[in-house]
Amino acid sequence: MNSQTSFRLQMKSIVTVRNLSKTYHIGQLRNSNPTLRDAFVSAIGSPFSFLRGHRHGDGTTLRALQDVSFSVEPGEVVGIIGRNGAGKSTLLKILARIVKPTSGEVDIYGRVGSLLQVGTGFHPDLTGRENIFLNGAILGMKATEIKRNFDDIVAFSEVGRFLDTAVKYYSSGMYLRLAFAIAAHLEPEVLLLDEVLAVGDESFQAKCRAKIKSVSRDGRTVFFVSHDMKAVADLCGRVLLIRSGRLYEGSNPQNMIAEYLDEVATAEAHPASLLANTNESVAPPSA
Amino acid sequence: MVISENASLRVSRQPESGGELSESADQQVSLPSKPLIKIRASKRWTPLDLREIWAHRELLYFLVWRDLKVRYKQTLLGVSWVILQPILMTLVFAVFLGKIARVPSGNVPYVLFLYSGLLPWTFFTNAVATSSHSLIASAEMITKVYFPRSLVPLAAVLVRLSDFLVASLILFVLMVYYGRAFTSAMLLVPFLVLHLTLLALSLGLLFAALNVKYRDIGTVLPVLLQLWLFASPVIYPSTFVPANWKWLYELNPLSGIISGFRAAFLGADFDWRSLLVSLGITLVLLVYSTFVFKRMEDEFADVV
């Protein structure tokens, strides 16, 4: 561990996160599709609130992330763990540029590929072959990149015989294998994975783990969000624990995993603490 | 390690001043000196990032390709729907307005007159309707992958543009059938098509963005488009409008474009004033919509 530490200090970070926060307004979440009528009513009530950018809500906010800072060097596999709703996915979605932070900064010195769901954008009526191109493009691959990797993707997915069949006729296993095979051939410097290993049978999961390890050996960086502590312990050289939107990091991954398991055990004993990360703000509910 | 060995649990801090970080010269892996991606909290008003859209042009191509491919797989008549829609509308209006109501169309056969108006109208109404719905239809993609969100409504408009190009073949057939001459005025058609595309795109961007937050747009829009058909010179000539109301009529940007379309194909005089008014309104609308879209874009994944 010591030699690795000094090695890391010499290197420049590929991802730097500074004081990142994300706040959701509960009102906005609870009623995510307000009608035009609501908008008109609120516009008549306070005609200039739109200019100030105030959102109408019941004054309750959810701090999904609070003042999170860390940096990561090339080649690290970083596990992100925490209970449901702790903010893991929010962090990953900010890194993936899907949602914007409320405040704070992230600098990434490389391309980012995200795999938050297997088979995003797959179209059931298109064939396996067609979906490889479509999904590849959606994940950010260039057409030349897809063509170059096409045979490898097909081989990895083991669906070669059904390449020209519409994917709606695929079994769920074939569907997942094809989807993961495409994602596995992404070549960005930073790869974001959310629970993707939760799918597929044991042998396929082993194959995915091997792929993640080889990605890291190439000097690429992987962020891995999971509830599967065995997979985290196996893959991640570093573990970040998120608890109610705050980030904790200890000396080694095993400690963090133990912390997390403790936390889960406590939560099961005291279910009320599940609500702990909802912060009531001072403003009273609007009439 | 960022954290000291004996502290088992503490808030992680960023390693010393962030500004100096980029100046450390010795690196094992060659990283660019400037970050490729900077993530910041959303700014108020920023223009659409055309470079980002250009960088994702392949995705735009695949989104258009997907929609065309799927359409021709799912439907029995495939490509012919693209032609059938304006043809059927032409037949309906030709019977009710041409034969029964006897709307005058000058020295042009009413069928030709109708088709030359319904062709751009069909493109416009379909483009606005599908692009307005496009972001909601792509909610899954928007919440799982990053890409410039404007590609989605843009792709919807381009799909409809390709429909338009196919359906315009019928116009040429009709012109030959009715023995109309092909004139140099037709050289203006590409510009009119571009103009119409920009108008459809600006409304598509605007409604698509609003639709994510206010789903009533999807209910109101078809009614609005229906009314718009009757407020435009599609099934009747713009000469129907009384002279003292013409200024108001010209404020409908479609009136200049559709009259211009007809003038280019059927050899009438161009109404340059209404075309210019239309162009002005279109450009203002385009700038406005792109800013609104960009402003709302950051929230799409939170709201959709």
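## Strand S3 of chain A

Both faces of S3(A) are covered: A:Val77, A:Gly79 and A:Ile81 on one side, and A:Val78 and A:Ile80 on the other, are all buried (buried means under 20% relative accessible area, exposed over 50%, and partly exposed in between, with a 1.4 Å probe and protein chains only). Strands, like helices, are DSSP runs numbered from the N terminus, with at least two residues (E) for a strand and at least four (H or I) for a helix. The model is predicted: local features need pLDDT of at least 70, side-chain atom pairs count only at pLDDT 80 or more, and totals for chains, interfaces and linings use all residues. Residues are numbered from 1 along each chain as its sequence is written, chains are lettered from A and ligands numbered from 1 in the order in which they are written, and side-chain values use heavy atoms, leaving out hydrogens and water.

S3(A), residues 77–81, runs parallel to strand S8 (residues 238–243) of chain A, and four bridges join the two. Within this pairing, A:Ile81 has A:Leu241 as its bridge partner. Two strands pair if DSSP finds at least two bridges between them.

## The sheet around S3

In chain A, six strands form an open sheet of mixed pairing, in the order S5-S6-S7-S3-S8-S9. Strands S5 (112–115) and S9 (246–248) of chain A stand at the edges with a single partner strand each, so one side of each is left without a neighbour in the sheet. Neighbouring strands are turned by 20° against each other on average, direction ignored (axes are lines fitted to C-alpha atoms, for helices over the stretch in contact, and angles run from 0 to 180 degrees between N-to-C directions).

## Aromatic pairs

Over all chains, the structure holds 19 aromatic pairs. Rings of Phe, Tyr and Trp (its six-membered ring) pair if their centres lie within 6.5 Å; planes under 30 degrees apart count as stacked, over 60 as edge-to-face and the rest as tilted. B:Phe172 and B:Phe182 are stacked, at 5.9 Å centre to centre with 5° between the planes. B:Phe172 lies in helix H7 (residues 151–177) of chain B, and B:Phe182 in the loop between H7 and helix H8 (189–213) of chain B. B:Phe172 is partly exposed at 32% relative accessibility, as is B:Phe182 at 46%.
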